[in-house]
Amino acid sequence: MKKILITLFIFISVAAFPQKIDNFFKTMANFILPGLSEGNKTMLLVDTGKTVIPYPLGEIEKLAYSPSFLKIKTSETGTTQIKLLPLINNTHIICVIKTVCAKACDSNIRFYSTDWKELDANTLLSNISAESFFDSSKKDSNNYKFALSLPDIYPVSAEFENGSDSLTLKLDLENYLSDEQLAEIRPFIKNETITLNWNNISFK
């Protein structure tokens, strides 16, 4: 009986105090943001007007924060988003998006357990290719495959809009391609952005 009461107490405590991004950011693996000290992490989480802190690789600036989301600027061209995503069994996983903007913005998306073990991204997010943004009804056109092959890469940026569980993917070609290449590709692009919603299992 005593064990049952203890288990019930733990369950109620967890339900009453939902997990926050702070708890996992403090225990974040060093390889996510190399050189970020415990003191740096604490300073970023403190709710003050000072959001820029010194960092061995430059400066880090807190851009957005909520109980389940943190976005920081790590360099002149780079940002990192850390998002706590709920699962159907009342546990969570963590999504980390690192974005670098040079000629275009390109994102790398990875998923981790709350103890920072990497998870298989393919089970959580469908593969996003260039064709995800193209109009498949035009794929039999003579110029479709030619247009698709024009860029050497298709940069796609990812953003948790306003820290929500919705992931917006944007095909970022405007500053990457010449006007001539854009003119060849644009007739076949159906949407330059795609929004995927988290359903407590995966992004759909």
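Serine 157 has lysine 170 as its bridge partner in E8. That bridge belongs to an antiparallel pairing of E7 with strand E8 (residues 166–171), which runs over five bridges. This is a predicted model, so read everything here as computed from predicted coordinates.

Zooming out a bit, E7 and E8 sit in an open sheet of three strands, ordered E7-E8-E9 and paired antiparallel. Strand E7 (156–160) and strand E9 (193–197) take the edges with a single partner strand each, so one side of each has no neighbour in the sheet. On average, neighbouring strands here are turned by 20° against each other, if you ignore direction.

## Strand E4 and its partners

Strand E4 (residues 78–86) pairs on one hand with E3, in the antiparallel sense and over five bridges. Lysine 71 stands opposite glutamine 81 of E4, and a hairpin of four residues links E3 to E4.

E4 also pairs with strand E5 (residues 92–101), again antiparallel, this time over nine bridges. Threonine 80 has lysine 98 in E5 as its bridge partner. The hairpin of E4 and E5 has five residues between the strands, and asparagine 90 in that hairpin takes a positive phi near 65°.

## Isoleucine 82, inside E4

E4 is mostly covered, with eight of its nine residues buried. Isoleucine 82 is located in this strand. Is isoleucine 82 buried or exposed? Its relative accessibility is 2%, and since the cut-off for buried is under 20%, isoleucine 82 counts as buried.

Skipping neighbours within four places in sequence, isoleucine 82 is in contact with Ile21, Phe25, Met28, Ser68, Phe69, Leu70, Ile94, Cys95, Val96 and Trp116. As for arginine 110, 28 residues away along the chain, its C-alpha atom and that of isoleucine 82 are 9.9 Å apart.

## Helix H3 and what it packs on

Helix H3 (residues 38–45) has Asn40, Lys41, Leu44 and Leu45 as its buried residues. Looking down the axis of H3, you find these residues within an arc of 130°, so they line one face of the helix.

What do the buried residues of H3 pack against? They meet helix H2 (21–26), along with strand E1 (52–55), strand E2 (58–66) and strand E3 (69–73).

## A buried aspartate without a salt bridge

Aspartate 135 is one to look at if you care about charges. It lies in the loop between strand E6 (105–112) and helix H4 (144–149). Aspartate 135 is buried but has no salt bridge, and the nearest side chain of opposite charge, lysine 138, is 4.4 Å away. A salt bridge needs a side-chain nitrogen and a carboxyl oxygen within 4 Å.

Which residues is aspartate 135 in contact with, leaving aside neighbours within four places in sequence? They are Tyr144, Phe188 and Lys190.

## The whole chain

Overall, the protein chain has five helices and nine strands. Starting at the N terminus, its elements go α-α-α-β-β-β-β-β-β-α-β-β-α-β.

The protein chain has 204 residues, and 38% of them are buried. Take the contacts between residues at least 6 apart in sequence: 44% of those join residues at least 24 apart.

Terms used. Residues are numbered from 1 along each chain as its sequence is written. This is a predicted model: local features need pLDDT of at least 70, side-chain atom pairs count only at pLDDT 80 or more; totals for chains, interfaces and linings use all residues. Side-chain values use heavy atoms; hydrogens and water are left out. Helices (H or I, at least four residues) and strands (E, at least two) are DSSP runs, numbered from the N terminus. Buried means under 20% relative accessible area, exposed over 50%, partly exposed in between (1.4 Å probe, protein chains only). Lys and Arg count as positive and Asp and Glu as negative; His and the chain ends are not counted. Contact means heavy atoms within 4.5 Å. Two strands pair if DSSP finds at least two bridges between them. Axes are lines fitted to C-alpha atoms, for helices over the stretch in contact, and angles run from 0 to 180 degrees between N-to-C directions. The arc is that of the directions from the helix axis to the C-beta atoms.
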